[in-house]
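Colleague: I am new to this structure and would like to learn how to read it feature by feature. Could you take me through it slowly, giving the general idea before each case?

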Amino acid sequence: MSAYPEKLKKGPNGSYSWSCSIDPDYYRSSIRPGLIACVIIAVFILLFGAVLSWKFNDWTSFLIVAGCAGVFMLISGFFFGLAFSASDPQETYEISEVYVKTGYGRSSVYLHFDKVRAVLFTQKYIELWGKTGKMRVYVPAEDSDFVKDFIHSHLPSGCDIRYESYYS
């Protein structure tokens with residue numbers, strides 16, 4: 001493996017953790033499904049309220065439902081607007097002998113090395129593909145070699161390993 005990492009913190013269980021900037025476009029594409037889910041929920045509430053109001057011939061209650069859906073979308077729009085306007089989004093990562101983790105707390109996403117089917121090593125990030133999805137790991141430039149070597153050494157046999165050309 002490469003020299004000891006500079007910015008990575010070693011935990012008591014032997015894992016390494018760090019936070020770093022990520023690509024703003026990748027960040028926006030990762031939160032877009034949340035915005036779409038909020039819009040779908042608001043539309044469902046409006047349609048359900050319209051059906052019930054039509055069935056019971058009570059359009060006053062529909063105004064209440066429409067108001068609630070509108071407030072829900074205003075709040076969602078405000079917070080997603082803040083998220084989409086982030087110019088330097090940050091992410092937290094952790095690697096151990098068993099998994100790669102992105103995020104923290106309840107928003108953590110784990111990918112166990114034995115579930116990795118393919119990996120792409122690029123100059124800016126490492127992208128791991130599992131059975132059901134993918135995870136992109138950004139690393140500080142000074143620790144890039146260490147993390148790439150660590151992940152590479154923990155990949156299962158038969159894993160499709162690709163390298164992006166540094167000249168493309």
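This is a predicted model: local features need pLDDT of at least 70, side-chain atom pairs count only at pLDDT 80 or more; totals for chains, interfaces and linings use all residues.

Colleague: Where does Gly67 lie, and how far is Gly67 from Leu46 in space?

Modeller: Gly67 lies in helix 2; here helices (H or I, at least four residues) and strands (E, at least two) are DSSP runs, numbered from the N terminus. Although 21 residues separate Gly67 from Leu46 in sequence, their C-alpha atoms are 9.5 Å apart in space.

Colleague: How should I read a helix, and what is the reach of helix 1 from its first C-alpha to its last?

Modeller: An α-helix has 3.6 residues a turn, so residues three or four places apart point the same way. The expected span of a helix is 1.5 Å times one less than its number of residues. Helix 1, residues 24-56, has 33 residues and reaches 48 Å from its first C-alpha to its last, which is close to the 48 Å expected at 1.5 Å a residue.

Colleague: At which residue does helix 1 bend, and which of its residues are buried?

Modeller: A bend at a residue is the angle between axes fitted to the seven residues ending there and the seven starting there. Helix 1 bends by about 30° at Ile31, with a proline, Pro33, following within four residues. Ile31 is also among the buried residues of helix 1, together with Cys38, Ala42, Gly49 and Ser53. These buried residues pack against helix 2 (59-84), where contact means heavy atoms within 4.5 Å. Just after helix 1, Asn57 takes a positive phi of about 50°.

Colleague: How do I read a sheet, and in what order do the 4 strands of the open sheet stand?

Modeller: Strands of a sheet pair through backbone hydrogen bonds, either parallel or antiparallel. In this model, two strands pair if DSSP finds at least two bridges between them. The 4 strands form an open sheet in the order 8-7-6-9, with mixed pairing. Strand 8 (134-138) and strand 9 (160-163) stand at the edges with a single partner strand each, so one side of each is left without a neighbour in the sheet.

Colleague: How many bridges pair strand 6 with strand 7, and how many join strand 7 to strand 8?

Modeller: Strand 6 (residues 118-121) and strand 7 (residues 125-129) pair in the antiparallel sense over 4 bridges, with Leu120 opposite Glu127 and Phe121 opposite Ile126. A hairpin of 3 residues joins strand 6 to strand 7. Strand 7 and strand 8 also run antiparallel, joined by 5 bridges, and Ile126 stands opposite Val137 in strand 8; the hairpin between these two strands passes through 4 residues. Because 4 of the 5 residues of strand 7 are buried, this strand is largely enclosed by the rest of the structure.

Colleague: Which residues of helix 3 are buried, and what covers them?

Modeller: The buried residues of helix 3 are Ser144, Phe146, Val147, Lys148, Phe150, Ile151 and His154, and their cover includes strand 2 (16-21), strand 3 (90-95), strand 6 and strand 7.

Colleague: How many aromatic pairs does the structure hold?

Modeller: A pair of aromatic rings is described by the distance of the centres and the angle of the planes. Rings of Phe, Tyr and Trp (its six-membered ring) pair if their centres lie within 6.5 Å; planes under 30 degrees apart count as stacked, over 60 as edge-to-face and the rest as tilted. The structure holds 11 aromatic pairs. One of them is the tilted pair of Tyr26 and Tyr138, at 6.0 Å centre to centre and 55° between the planes. This pair links distant parts of the chain, since Tyr26 is in helix 1 and Tyr138 in strand 8, 112 residues apart.

Notes
Residues are numbered from 1 along each chain as its sequence is written. Side-chain values use heavy atoms; hydrogens and water are left out. Buried means under 20% relative accessible area, exposed over 50%, partly exposed in between (1.4 Å probe, protein chains only).
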